[in-house]
Amino acid sequence: MNNPASAFHFTEFPGFEIAQKLIESGIFYKNSPRYDLHKGRGKRLGCIFLNPSLRTRISTQIAAENLGMESIVLNMDKEAWALEMEDGTLMNGNTVEHIKDAGGVLGSYFDFLAIRSFPTLSDKEADMNDKVLNKFIAATGKPIISLESALRHPLQSLADQITIQQHLPQGRKPKVVLTWAPHIKSLPHAVANSFAEWTLGMKHDLTITHPEGYELDEKFTEGASIEYDQSKALEDADFVYVKNWSSFRNYGKTPPVRDNWMLKESSLSQAKNAKVMHCLPVRRNLVLSDEILDGPRSLVQEQAANRVFSAQAVLSHMLDLTT
Ligand code: CP
């Protein structure tokens, strides 16, 4: 919402005060989901997916419904025409419709648009400029919510902060740890970037731990402690956020890692009260062990449930700004 292109886009951390209001609003809606059942009546939200989703798709639709808004999902990658993103090209290849044309049409159909566009993980410059998201912003002319872009996943991060807020230790600041985890594929940085951005933005202490070569873009981690020894990083943690990401420096690559970074119960011997978080989907016993996911430390189901109220808080705020 502090995007310089428009006051109405939710694509990144919106600043401490607005974020605090959104967290409070999310908790309010969690207790009274249908309190504002008529607030969005007559408004229509388009949810445009260029990549798969379970939580983001359904939670955003439920959030819209809780506010009386109509929502329509378009799986653009499967059901719509192949999009051309480059300007000035001769479109004699596989792309059928230019983003300028499709975006203009979508902008005329909807009051708000929500877009999911993952990174290429091969074109670093395009990803760092959030090229696809920004093409949609430019073409649609409507307030945009990011449903996860190349760089960030703000609705997930807001849900994560709502979750942390409801489990804060009494009388002291929490120690939050973001730990890299193994995976078999090259994964984006968006969830980790965004979690760091929001956690630091909310003035929590953040330690990030990962193997050498997996440093995140410093733009998102300035103010965090970086610790290459996972067991040291986990000492006295209150919240441990588990996520895989690929290398940023050696963009999209997965340099070999010797040690086993999968979080197990034994990894938390020096963090007796630590709660464990993950955005889901998660590959069990590769990224996170069954014992953690099925045990009392896990907040993953609560995080997923909070996705409804994070989206509801953002939609409600955007309705306030546009009416
Ligand atoms: N956490 C998350 O964004 O889940 P989906 O990819 O299923 O939407």
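Modeller: Gladly. Start with the largest nonpolar core, which has 45 residues. Val177, Ala196, Phe239, Val240, Tyr241 and Val242 touch the most other members. Keep in mind that this is a predicted model.

Colleague: Which elements supply at least two residues of this core?

Modeller: β7, α8, β8, α10 (230-234), β10, β11 (275-277), α11 (290-293) and α12 (300-322) each do. The largest share, six residues, comes from α8.

Colleague: Which other core lies apart from it?

Modeller: One of 40 residues, with Leu45, Ala63, Phe110 and Leu133 among them.

Colleague: What is phenylalanine 239 in contact with, beyond its neighbours within four places in sequence?

Modeller: Ile164, Pro174, Val176, Val177, Ala274, Lys275 and Met277. Contact here requires C-beta atoms within 7 Å.

Colleague: Back to α8. How do you know that its length agrees with its 12 residues?

Modeller: Take 1.5 Å a residue. The expected span uses one less than the number of residues. For residues 190-201 that gives 16 Å, and the end C-alpha atoms are 16 Å apart, so the two agree.

Colleague: Which residues of helix α6 are buried?

Modeller: Val132, Leu133, Lys135, Phe136, Ile137 and Thr140. The buried residues of α6 pack against α4 (99-109), β5 (112-116) and β6 (144-146). Glycine 141 follows α6, and its phi is also positive, near 70 degrees.

Colleague: Now the ligand. Which residues are around it?

Modeller: Ser53, Leu54, Arg55, Thr56, Glu148, Gln156, Cys279, Leu280 and Pro281.

Colleague: Why is this shell said to have four nonpolar residues?

Modeller: Leu, Cys and Pro count as nonpolar, so Leu54, Cys279, Leu280 and Pro281 make up the four. The others divide into three polar and two charged.

Colleague: Which domain does UniProt place at residues 24-166?

Modeller: The unreviewed entry gives "Aspartate/ornithine carbamoyltransferase carbamoyl-P binding". In the model, that span is 43% helix and 17% strand, and its end C-alpha atoms lie 10 Å apart.

Note on methods: Residues numbered from 1 in each chain as written. Predicted model: local features only at pLDDT ≥ 70, side-chain atom pairs only at ≥ 80, totals over all residues. Near = placed C-beta within 6 Å. Helix = DSSP H or I, 4+ residues; strand = E, 2+ residues; numbered from the N terminus. Buried ≥ 20, exposed ≤ 12 C-beta atoms within 10 Å, placed from the backbone. Contact = placed C-beta atoms within 7 Å. UniProt positions renumbered as here; feature names shortened; annotations may be inferred. Core = buried A, V, L, I, M, F, W, Y, C linked by C-beta atoms within 7 Å.
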